[in-house]
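I opened my notebook to look through this model from sheet to sheet and helix to helix. Here is what I looked up, in the order I did it.

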Amino acid sequence: MKHSSAFPAGAAQFALGLAEMKASDIDLVAHSFSFGPERDFYLGQGDYYRGLYETALAPEANRTVAERHLGVDLDGRFLPVPHHLAHAASAYYPSGFGDALVVVSDGLGERNSATVYAAGRGFETLAEVPAHSSLGLLYGLFTLYLGFAFGDGEYKVMGLAPHGDPNRYTETILREWVHLDSEGRYFVPLLLENADDLDKETYRASLAAVERELGPRRRPGEPLEQRHMDVAAALQAVLQRAQLHQLAHYRRQTGLTRLCLAGGVALNCVANGTLLRSGLFEDVYVQPASGDDGAALGAALVGAAELGDRPGPGSGTLLGPAYGPRDYDRAAGSVPGVTVRRTADEAELISATAGLIAEGKVIGWFQGPMEFGPRALGNRSILADPRAADMRRRINALVKKRESFRPFAPAVTEEAAGTLFEIEPEDIHRFAEMLFVAYVREEYVRRLPAVTHVDGSARVQSVSRRSSPLFWSLISEFGALTGVPAVLNTSFNVAGQPIVRTPDEAVRTFLDAGLDALVLGRLIITRATAEQSAPN
């Protein structure tokens, strides 16, 4: 289930199985929230917040849930980690940096919405931003105003923004609701409109203030008007201005030239691209799983450090379940009405698949371990030809069943990334996890219509032969056939569903989504024609 709030028992069992361990072998269970220091605050806020603390937020409550699902006593082995520290660790340790500035920005941790650290010998807190000045909550509030789901539709607003004119509303937002000062701080007085508990849960007072200034909110499903696009553009511009304001201040104050980013706001790849192009820092690392999935990783890294380990650079994002030929054969044989082609070797697989994409087919591509984080990076992907002008419309309407204004991302070989896109050679490796937006070079805009957004930008994934050899070979072969070493890459799922995890899920989604073919390991599965389906 997408966005499930249930305890991740399956993920825990998978990790234990991968390590060939039992729950009783665990030295420490780390949790990426630590509400213990906030106990008195919550207990003094009335019955609702008292109940919330006692049943969901208290470390004791979380330990009890973990013990029930893991089947072990965690006395002395349960570590609550402050939420922003967990996020910071998730970015800093995998970065491999020495001294670095670490900035965490999200909707809300225990009480703060952003924290700035100087990292090296531990994490020194330089600044904290309270919840009532949250850029994450501000973005979520406007996501609601624009008719999308809070906490789920922010990426839609990011995709809508390039269709609008930021100049129409940016100064209004900065004048009324977001203020910057000379000390690198930002304030969001709009969020202070929410005075009572219901306001804080629904943001109704803040929404009312926005409606008074900008007009009625858009209801879900209503047509998008130009003013909605202009609001999205202004919101994106304000977010970027506030972030750069903060980052520039602490770059000057600390002299630190390397930056790590985490927290949900760090998934705004448009803002990340603006930051990278600014040249403010010599090196930038963004945690690929910058949401709370990455915070779980960070909590574990904090726990490992407390046990005396020194966590080092990460091992990439391909951390999930992997399957073998028997799993693929069983899944392919479980459904009628399909034709299964078993390729002899990798070369035949690559040649056949690249040919299908070049013919305009939309392909489900399922290989190796599943990606950790929100992006499909070539192991659980839907792939298509980026040269086809109608491909975006076709996939949005028939396969992904999503809004037509939303762009798709290109996956390009590392060697060609700087040729097709405005990316400096020293930055190409930073685009491996689809975390930055770059501009398509002018001479390729017409050749890449399916992955070029309305403003000429693209959320680029650079693919290296070393880290993703099979995917790299496929893109290279497609390039040999077409002269364009890039493919359209989007996550292997339909709207409202999580990315496929198992071969069975891949087969079901292939059939339900109207894909032309499914590549499952070395199997190529297509729908059988009437003649092929007829009994002998």
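Entry 1: I started with what pairing means here: two strands pair if DSSP finds at least two bridges between them. The model is a predicted one, and I kept that in mind throughout. With that settled, I looked up how strand S8 (residues 258-262) and S9 pair, and found the parallel sense over four bridges. Leucine 261 stands opposite valine 286 in S9.

I then traced the sheet around this pair. It is an open sheet of five strands in the order S5-S4-S3-S8-S9, and the pairing is mixed. Strand S5 (122-130) and strand S9 (283-286) are the edge strands, each pairing on one side only. From one strand to the next, the twist averages 20 degrees.

**Entry 2: helices over that sheet.** I checked which helices lie across these strands. H5 lies across strand S3 (100-105), strand S4 (112-120), S5, S8 and S9, and runs at about 40 degrees to S4. H11 lies across S3, S4, S5 and S8, running at about 155 degrees to S3.

**Entry 3: H5 against H13.** Next I asked myself at what angle H5 and H13 pack. For helix H5 (residues 83-95) and helix H13 (residues 292-306) I noted about 80 degrees, with the axes 7 Å apart. Angles of 65 to 115 degrees count as roughly perpendicular, so H5 is roughly perpendicular to H13. By class, I found ten nonpolar, five polar and one charged residues in the contact of H5 with H13. On the H5 side the residues include His83, Leu85 and Tyr93, and those they meet in H13 include Asp292, Leu301 and Val302.

**Entry 4: arginine 227.** Is arginine 227 buried or exposed? It counts as buried, because its relative accessibility is 16% and the cut-off for buried is under 20%. Its side chain reaches the backbone oxygen of proline 216 at 2.5 Å. Leaving aside neighbours within four places in sequence, I listed the contacts of arginine 227 as Tyr145, Arg168, Tyr169, Leu214, Gly215 and Pro216.

**Entry 5: H6.** Tyr145 took me to helix H6 (residues 135-145), where eleven of its eleven residues are buried. Tyr145 is one of those buried residues. Just after H6, I noted a positive phi of about 95 degrees at glycine 147.

**Entry 6: an exposed arginine.** I also looked up arginine 68, which lies in helix H4 (residues 59-70). Arginine 68 is exposed, with a relative accessible area of 56%. From arginine 68 to arginine 459 I noted 42 Å in space, C-alpha to C-alpha, and 391 residues in sequence.

**Entry 7: the eight-stranded sheet.** I finished with the open sheet of eight strands, ordered S10-S19-S18-S11-S12-S17-S13-S16 with mixed pairing. Its edge strands are strand S10 (338-342) and strand S16 (461-463), and the twist averages 30 degrees from one strand to the next. S10 and strand S19 (residues 523-527) run antiparallel, joined by five bridges. The bridge partner of valine 340 is isoleucine 525 in S19. Helix H14 (residues 325-332) lies across S10, strand S11 (363-366), strand S18 (517-520) and S19, at about 10 degrees to S19.

Note on methods:
Residues numbered from 1 in each chain as written. Predicted model: local features only at pLDDT ≥ 70, side-chain atom pairs only at ≥ 80, totals over all residues. Heavy atoms only, no water. Axes fitted to C-alpha atoms, helices over the stretch in contact; angles between N-to-C directions. Helix = DSSP H or I, 4+ residues; strand = E, 2+ residues; numbered from the N terminus. Parallel < 35°, antiparallel > 145°, perpendicular 65-115°, else oblique. Contact = heavy atoms within 4.5 Å. Nonpolar A, V, L, I, M, F, W, Y, C, P; charged D, E, K, R; others polar. Buried < 20%, exposed > 50% of the residue type's maximum accessible area, 1.4 Å probe, protein only. Polar contact = N/O pair within 3.5 Å; in protein donor to acceptor, adjacent residues only side chain to side chain.
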